[in-house]
Amino acid sequence: MNYNPKEIERKWQDKWEKENINHAEDFSDKQKYYVLDMFPYPSGVGLHVGHFKGYVATDIVSRYKRMQNFEVLHPIGWDAFGLPAENFAIKTGIHPEITTEKNISNIKEQMKIAGLSYDWDREINTTDPDYYKWTQWIFLKLYENGLAYKKRLPINWCPSCKTGLANEEVVDGKCERCGAETTKKDIDQWILRITAYADRLLEDLDNLDWPDKIKEMQRNWIGRSEGWEVDFEIKDSGKRVTVFTTRIDTLFGCSYVVIAPESHLIPELKDSIENIDEVLSYVERSKNKSDLERISEVKDKTGVELKGLKAINPINGKEVSVFAADYVLASYGTGSVMAVPAHDERDYEFAKKYDLPITEVVKSKGNDSSIEESAFTGDGFLVNSDIYSEMDSENARKAIGENLKEEGFARQKVNYKLHDWPFSRQRYWGEPIPIVHCGCCGMVPLSLDDLPLTLPHVDKYEPTGTGESPLAAIDSWVNVKCPKCGGPARRETNTMPQWAGSCWYYLRYLDNKNEASLVDANKEKRWMPVDLYVGGAEHAVLHLLYSRFWHKFLFDIGAVSTKEPFQKLRNIGLVLAHDGQKMSKSKGNVISPDSVIEEFGADTLRVYEMFMGPFDQAIGWNEQGVKGVNRFLNRIWDLAVETENKISSDDIISETHKLVKKVTNDLERMKFNTPVAFFMEYINLVYEKKKEIGIDSISILLKLFTPFAPHLCEELWQVLGNDGSILKQDWPVCREDLMKQEKTILIVQINGKVRDKMEFDGGIDQEEAERVVRENEVIRKWIDGKEIKNIILVKGKLINIVV
């Protein structure tokens, strides 16, 4: 009886689907566990093996938790609006509705033949009017609460995609979607006031079980800084420049002030600027640069002096020059900065380039700092600072700030790098914004009864590039009666960005057929928050930040019961192509899961995806590795069908329960490659002792292996004569009393010198070894009061403590 994955896999997939075995009951007595994948864009090329690394991992966790008697919710859906789907449709000349439906059907089949255990009853699609009705409702609630507003402002513009972009969608001055160089364009935009939630978005990160690097990326993007706003009067003008600084202690070293090229002061004081033509020319050149390009650390700093203008330093009354420079952004802080070249690297470079004064006003506490070659940017004590000299930086900041505050020149201020979110797009394939513009009533929101405002079907959906979406040309859709006064009005023609539908999709899974509300309150309380969320690290400051913002708002209006949506987050490492590069269609190096499944079966794909390496690290695809895993599955098959109906030897029972312990512990830590290695070690061991293994140990092995290779294990479970599905069996519990622990004598060294010998279990790990050694009385007298720099475990031989 040979292993034939083609024969058994489709059989079990059909049976599982018919029995709806993966359906989650909303109100069962079991403890809930919500496992969520970042849902895919339905692109035309389908999914490659890199996508399946994440999907297989969450499937393993879902199956594992079900066998531990959790009620597991593991849904999937389609993030189908936005640029990816629309750009593909434009490229092929086929309407987005058609391509999206076709692509979803293809990807859905890919998921099913891989044996992914999604609850398909909860499937959602962001382009379904029944879904985006509630996306529109959330927008209206944001508008109602003053968190959505319209404003004309310069935004990032992609000339290729012909639409506006949020700062988060621009990477190194290029559109993160198509790679084109971005420019600036003045457009009437809908903006979401995400800055109103900046502090809460920052503070609540501390309570989340997320990778540190993701939390740090969000902290840096929000960019909270505490400091002072300080006013510099412009001499003989009645105007003033207000700067924000976190280093008011360096104010005596200010050599010049810098304003953004967009500053209102330039047109207001143009008659006083002696070189106005040069200044205006510089302003024009700055408009063609993206914000990220302007503030890049590697970019050569440029600027132009506003000759004829002088600013007065409020701390000492000295006149300083005024510059316009593109490294200052009008949208950040006050749009102006004070320059202290001796204590800021950017100002130091600028001052050297334009031969400006560099005055040292802070020395390091060791008095060994020098500004001859570079700026000293740390804290220390003040010099050349009048009555504040010799004061340390921290106290000087308080004293100078409070004194200027009393004189009316300074105020304490908290600043953020985070900007409000440009929310509208000048494209067709997105959620219509449910606002009507009336000449009498102004902007009028639609009522819930008028939702969903559906996207009209059009033949011409290419972007216009004029700043208007293609919807603007559909007179029959645009021209309507005002819902408030009945007079003539026009619909909003911008659409929502691709992030809108993904900001709240995890909630719709809980109640995807509810026509009366966003989500039933009892179902939301039952399932939220998400227990495990898995996706790419590239979404750290896009989807993850936006969805946290929306969720906090929904919490504030009573629509959800939790402050955060995703309690635990884990990121997927890339699967690299044969050439070591990231997979992409343009490079021709994409590896399809379909071909792997066709040749070797879904279980081979699943097990290899997990065996490749640590889940969160980038790993290269290796065809020989796939073949090796397939041989391993055949060995399991052969062992199981040849096993006699008897009880295993004590040695085999011991090894089996050690396997239970190791696999369970690593699955809890989302380590997937090591359990596969443990399975391989176990199979190698028992093959040497075939006559000693019985049906009891094989049954435990199959249960442990089920989350990884469900089709193989389900088939073997039936071959062995068992009733019912193996998927519904309880997860094995380790019996410590059945495990034979071999003892090992280890030498304990301190800085290479032998101090003691200790007896350990043979399988002791680094963490346990450190704990036991630290508690040993003999060793403690050698390490008390000393800093332990390292503990080195050489398994089976020695432990060396480095102090």
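Reply: Let's start with Tyr416, which sits in the loop between β18 (410-415) and β19 (421-422). Helices here are DSSP runs of H or I with at least four residues, strands are runs of E with at least two, and both are numbered from the N terminus. A quick word on ground rules: this is a predicted model, where local features need pLDDT of at least 70, side-chain atom pairs count only at pLDDT 80 or more, and totals for chains, interfaces and linings use all residues. Residues are numbered from 1 along each chain as its sequence is written, and side-chain values use heavy atoms, with hydrogens and water left out.

Leaving aside residues up to four places away in sequence, Tyr416 touches Ala198, Asp199, Ile222, Gly223, Arg224 and Tyr332; contact means heavy atoms within 4.5 Å. With Asp199 there is a side-chain to side-chain polar contact at 2.5 Å. (That term means a pair of N or O atoms within 3.5 Å; within protein, one must be able to donate a hydrogen and the other to accept it, and residues adjacent in sequence count only if both atoms are side-chain atoms.) Ile222 is 194 residues from Tyr416 in sequence, yet their C-alpha atoms are 6.0 Å apart in space.

Ile222 leads us to helix α7 (residues 212-222), whose buried residues are Ile214, Lys215, Gln218 and Ile222. They cover an arc of only 100° around the axis, so they fall on the same side of α7; the arc is that of the directions from the helix axis to the C-beta atoms. Buried means under 20% relative accessible area, exposed over 50%, and partly exposed in between (1.4 Å probe, protein chains only). The cover over those α7 residues includes α6 (198-203), α16 (543-556) and β25 (569-571). Just after α7 comes Gly223, with a positive phi of about 60°.

Arg247 counts as buried because its relative accessible area is 16%. Its contacts, again not counting residues up to four places away in sequence, are Met338, Val362, Thr377, Gly378, Asp379, Ser393 and Arg397.

Last stop is helix α21, where the buried residues include Phe678, Phe679 and Tyr682. The buried residues of α21 pack against α18 (602-611), α19 (623-642), α20 (650-668) and α22 (695-705).
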